[in-house]
Amino acid sequence: MHNSALTPPVPLPTASALAEILDRVRSRSPLVQCLTNIVVAPWTANVLLAAGAAPAMVDNPHEAASFAAVADGILVNLGTPTEETARAMRLTVAEAAESSTPWVLDPVAAGGLAWRTALAFDLLERNAPAIVRGNASEILALSGGRGGRGVDSSDSPEAALPAALDLARRSGTVVAVSGPVDHLTGGGSVVRIANGHPVMTRVTGVGCALGALMAATSGVTEDALLASAAATAILTVSADRAARTSALPGSFAVALLDELALLTPEGLEAEVALSAAAGASA
Amino acid sequence: MHNSALTPPVPLPTASALAEILDRVRSRSPLVQCLTNIVVAPWTANVLLAAGAAPAMVDNPHEAASFAAVADGILVNLGTPTEETARAMRLTVAEAAESSTPWVLDPVAAGGLAWRTALAFDLLERNAPAIVRGNASEILALSGGRGGRGVDSSDSPEAALPAALDLARRSGTVVAVSGPVDHLTGGGSVVRIANGHPVMTRVTGVGCALGALMAATSGVTEDALLASAAATAILTVSADRAARTSALPGSFAVALLDELALLTPEGLEAEVALSAAAGASA
Amino acid sequence: MHNSALTPPVPLPTASALAEILDRVRSRSPLVQCLTNIVVAPWTANVLLAAGAAPAMVDNPHEAASFAAVADGILVNLGTPTEETARAMRLTVAEAAESSTPWVLDPVAAGGLAWRTALAFDLLERNAPAIVRGNASEILALSGGRGGRGVDSSDSPEAALPAALDLARRSGTVVAVSGPVDHLTGGGSVVRIANGHPVMTRVTGVGCALGALMAATSGVTEDALLASAAATAILTVSADRAARTSALPGSFAVALLDELALLTPEGLEAEVALSAAAGASA
């Protein structure tokens, strides 16, 4: 587990740096191992394919760890854990530490449900993820606060920022708080991305797909703050465009996949609503 | 388990009462716990979100029962049960009795397959559901008749009505028989809703999503017959509209999600093809 | 297990023979039992429904074997096996031998992952499938070669043809190698189908759905080479048409379901790019 206070400062992400990450996803097609839930598995695979990554849902205890050694990035999403997938998650995260494969934790409904919350803490202790992505309630819960009523969030990303900074520093991870304005931090600098549309909350798995995209971008850069910002920009700029086609949930979801495939690095750079501020302390 | 013969008569559902239920779903966004199958989980979540409810697929034995205490309504769908989800179903249904959370049973392929049929009877005995929703073959099977050849039905809702009345009376539940004309009964009155389109049978999980919507509407009214009728009307009126956009299965499914989001209480009231008849005896 | 060298030669598939198989799928609506993965289960069911078949995802060890006795065709797809589904697969394949129900093996990621590769070989030994469908890397792996990096293929169908012929002869099965040009062989004749579009690789589960369609067509003809060719033609001719509507992944997937429902035997016969060559030896 690294401590951000002891690592050299990294430059703040810029719009052109985000565009460069999209370019790398397209050219390298990172292999993304997903241990995710039954509700979003198809959608997650389709989002990764549309964006240019290569999904592989290897989530059984016999094979997950060995696959972690060859994957470019790993997503662990706690949406519908079973005994078997929870065991696979523990093995995968341990192997990811051995093979230095970056992994992303999406602690779905952490705080509201005891078993998965304990699993989230167990995974965090085994191997610091590159990125923890959640809504405000989930981040508050992992930082010791209360959780939400389920998978949606009753807290704003702004209200969860102190918890995000605290979790990032204590766990040595980047924390991405999703919401109307996404807040991303490695414990020092804070990056805000203001793209996106309310219809995203009317389609299941948009947040889960964002975690998967972060596993993809983590496979093409070692700068986890940049990876989290690039994935957020890829998804939310595409969502802005899709919502201009339709803000109704069925046709929006279809258009979002289309726009993910159409998005160019130039378009991303032009349309991302990015602000980044260096932290008072790292 | 309540006996409909001992409870005061409830008024027959009217189109305006159905519209009022849709209004409540929109304003309250009931939290719907779904223990459902791997084929329809994504679609079910998207239907609930489009209609205005909040889905949460909590289906593991560690967490399902505790979630049942806070959910507004629960769906138990037997489409692809596993040892673990079957155990979670038993625990959830027992807790639902303790916490008076209404639950809906969707006995997919009951009668045709022995293990799940036994599971369905076990769940029915633990705690009378607010609503049992199935096709004619499934309802016949639960009432002691023969089952169908799988997940589709070779019987008509009309032919299954005596079985539905019998099951409703014996189990103290509302029984909803899906088909070209949906038949709904609490053992006395019979409500018929004649909306819908044949393309609904060419998209997987439309019936399963109806069960989920019934869990949502059960979370906003204690009148289970009204809840089942409102959910049926929400889905089938939206389907009528979607089929006017496209009667081909891919684009129909997309349009159905859009129409669920667009449907207003006024539109529902104007377009529902509802007939209700008081029963000879309750 | 039959040996193709000992069976009488079957005529090479013609475009009109493929059209006849589509006609039978429409009129008989074969019941297709699917033991498949959590990523593609919804899409697979929707593809089968759109094409006119009747999917039933019965994949638990309590019920899968008994269902195999009544199904018209069975798909076993190794995408996300669990202990429970792997046990169900073994029981199902054994029962399929007893009841002479044709089954199709889709060995997703075989070669790249050890546990499922062993499972694939175990299933092949229990009961020769009517058809093995995979990408080139998977077929190479089952024939003793190396596997790919995951679920996609880094080998061409042409390069895998010797392995396909070898696997077909040794296992007494038809082998279908998916790719830009699909190659199908029972160990003697080779059928090539050159329809399809690159966007098919940007939608998850298109190959998996092809395996499911082969289980459907296997339910309406005993000629497994014809069944595999008909399913390939149904999917890829529909894909050609859908790609003319949109070559973007979200809208392509929707259009593909629509085109599967619209495809007529006449259209299939007119548009299939079929070539068939008798083998030097059978």
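This is a predicted model: local features need pLDDT of at least 70, side-chain atom pairs count only at pLDDT 80 or more; totals for chains, interfaces and linings use all residues.
1. Extent of the interface. On one side 24 residues of chain A take part, and they are in contact with 27 residues of chain B. The area buried between the two chains comes to about 2200 Å², and carbon and sulfur atoms give 60% of that area.

2. Salt bridge and polar contacts. The rule finds 1 salt bridge across the interface of chain A and chain B, and the partners are A:Arg116 and B:Glu63, whose closest N and O atoms lie 2.7 Å apart. Across this interface the rule also finds 9 residue pairs in polar contact, with both residues of each pair at pLDDT 80 or more.

3. The side of chain A that touches chain B. At least two residues of this side come from each of helix 5 (114–126) and helix 10 (249–262) of chain A, and helix 10 gives the most, with 4 residues.

4. Symmetry. Chain A is superposed on chain B by a rotation of 120° with 0.0 Å of shift along its axis, at an RMSD of 0.0 Å, and that is the relation of a three-fold axis. Within chain A, the C-alpha nearest the axis belongs to A:Ile38, at 3.5 Å from it.

5. Which surfaces meet. A student might ask: what percentage of the contact residues of chain A recur in chain B? The value is 12%, and the copies use different surfaces.

Terms used: Residues are numbered from 1 along each chain as its sequence is written. Chains are lettered from A and ligands numbered from 1 in the order in which they are written. Side-chain values use heavy atoms; hydrogens and water are left out. Contact means heavy atoms within 4.5 Å. Buried area is the accessible area (1.4 Å probe) that two parts lose on being put together, summed over both. A salt bridge is a side-chain nitrogen of Lys or Arg within 4 Å of a carboxyl oxygen of Asp or Glu. A polar contact is a pair of N or O atoms within 3.5 Å; within protein, one must be able to donate a hydrogen and the other to accept it, and residues adjacent in sequence count only if both atoms are side-chain atoms. Copies are superposed by least squares on the C-alpha atoms of residues with pLDDT of at least 70 in both.
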